[in-house]
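Trainee: I would like to understand how the terms used for a structure follow from the values behind them. Could we go through some of them together?

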Amino acid sequence: MPAQFWPRFVFDEEWRNELFAIYGKTVYTEKYPKKTVTLGGRVFNDKVQDSESRTGIVPEDFKYAFTKFPDCPRDYSKHSENDKEIKLGFYYLDLSDGGHLTVPAVLWDRFVTDKKWRSEMLLKYARLVELDYKSPEEIIKRFGEKELYKTGIIPESEY
Amino acid sequence: MKKYRGCPEEYEVLKETHLSIELFRAAPPK
C-alpha cells in the first residue's frame with residue numbers, strides 16, 4: 001500500500017475493509033494452510049472467491065483515497081463525490097437490483113454516524129435502480145406505487 | 001524505529017519503506 005494512504009488506513013475501518021476486499025491477495029502459510037472440506041464425497045477448497053488472483057497492491061491513484069467524506073457505511077458504495085454531494089449505490093435485501101441515494105455534503109457526518117436516521121432516509125428517499133429501465137406498471141406491481149416518486153436525493157432540509 | 005504508527009490490530013507490518021507498507025492480515029478463525 002502506498003505510504004500516503006497510511007493515515008486513512010489507520011482511522012477508517014470501512015475503507016480499510018474495502019481496500020482489502022478489492023486488492024487483498026490470499027496466500028497460504030504453515031500457520032494458515034489451505035484447507036479443504038469434503039461434503040457428500042465432493043472436495044471443496046476453502047478459499048475466498050478470486051482472492052488468489054488479486055494483485056495484493058493498492059494503486060497510487062486509488063479512487064477517493066483522500067476524500068473529505070470518509071467512513072462510508074459498509075452497505076453502501078460510493079459512485080461519485082464533489083464538494084456539494086456524495087452519490088451512493090446500495091443493495092436491498094429483497095432481491096431488487098438495489099438503489100441510488102445522494103447525500104448532501106452537509107449531511108454526510110450524520111449519515112455515517114446516525115444509523116437510525118440513515119435507515120429513515122433510505123426508506124424515504126432511495127430510488128430503485130429498476131426505475132431506470134422498467135415500466136411504471138411493473139414497478140407498482142412489484143414494489144408499490146410510492147417507489148415511483150422517490151427522488152434518490154436526501155434534501156438538505158433533513159438536517 | 002517504525003515509521004508507520006497505529007497499525008490496526010488485525011494487520012501485521014511485514015515490510016516498510018518511505019514509499020510503501022507491506023501488510024499481512026491473518027484469516028479469521030473458523
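**From values to terms**

Mentor: Let us begin with one residue of this predicted model: B:Glu12 is called exposed because 12 other C-beta atoms lie within 10 Å, and the term exposed applies at 12 or fewer.

Trainee: Where in chain B is B:Glu12 placed, and which residues is it in contact with once its neighbours within four places in sequence are left aside?

Mentor: B:Glu12 belongs to strand 1 of chain B, which covers residues 11-16, and, with those neighbours left aside, its contacts are B:Leu23 and B:Phe24. In sequence B:Glu12 and B:Leu23 are 11 residues apart, while their C-alpha atoms are 5.6 Å apart in space.

Trainee: What makes up chain B in terms of helices and strands, and how much of it counts as buried?

Mentor: Chain B has 2 strands and 0 helices, and 7% of its 30 residues count as buried, a term that requires 20 or more other C-beta atoms within 10 Å.

Trainee: How many residues does each chain give to the contact between chain A and chain B?

Mentor: Chain A gives 8 residues and chain B gives 11; on the side of chain B that touches chain A, 7 are nonpolar, 3 are polar and 1 is charged.

Trainee: Why are strand 3 and strand 6 of chain A called edge strands?

Mentor: The open sheet of 4 strands in chain A runs in the order 3-4-5-6, with antiparallel pairing. Strand 3 (76-81) and strand 6 (127-128) each pair on one side only, and are its edge strands.

Trainee: How do you know that strand 4 and strand 5 of chain A pair?

Mentor: Pairing asks for at least two bridges, and strand 4 (residues 85-90) and strand 5 (residues 99-104) of chain A have 6 bridges in the antiparallel sense, so the term applies. One of the partners in strand 5 is A:Val103, which is bridged to A:Ile86.

Trainee: Which residues belong to the largest nonpolar core?

Mentor: That core has 10 residues, including A:Ile86, A:Val103, A:Leu88, A:Leu101 and A:Ala126, and the elements that give two or more residues to it are strand 4 and strand 5 of chain A. Apart from it lies another core of 6 residues, with A:Met1, A:Phe5, A:Val58 and B:Leu23 among them.

Trainee: What scores does the model have, and what is the mean pLDDT of chain B?

Mentor: The model has ipTM 0.84 and pTM 0.66, and the mean pLDDT of chain B is 84, with 83% of its residues at 70 or more. Where pLDDT is low, the predicted coordinates should not be read in detail.

Terms used:
Residues numbered from 1 in each chain as written. Chains lettered and ligands numbered in written order. Predicted model: local features only at pLDDT ≥ 70, side-chain atom pairs only at ≥ 80, totals over all residues. Contact = placed C-beta atoms within 7 Å. Nonpolar A, V, L, I, M, F, W, Y, C, P; charged D, E, K, R; others polar. pLDDT = per-residue confidence, 0-100. Core = buried A, V, L, I, M, F, W, Y, C linked by C-beta atoms within 7 Å.
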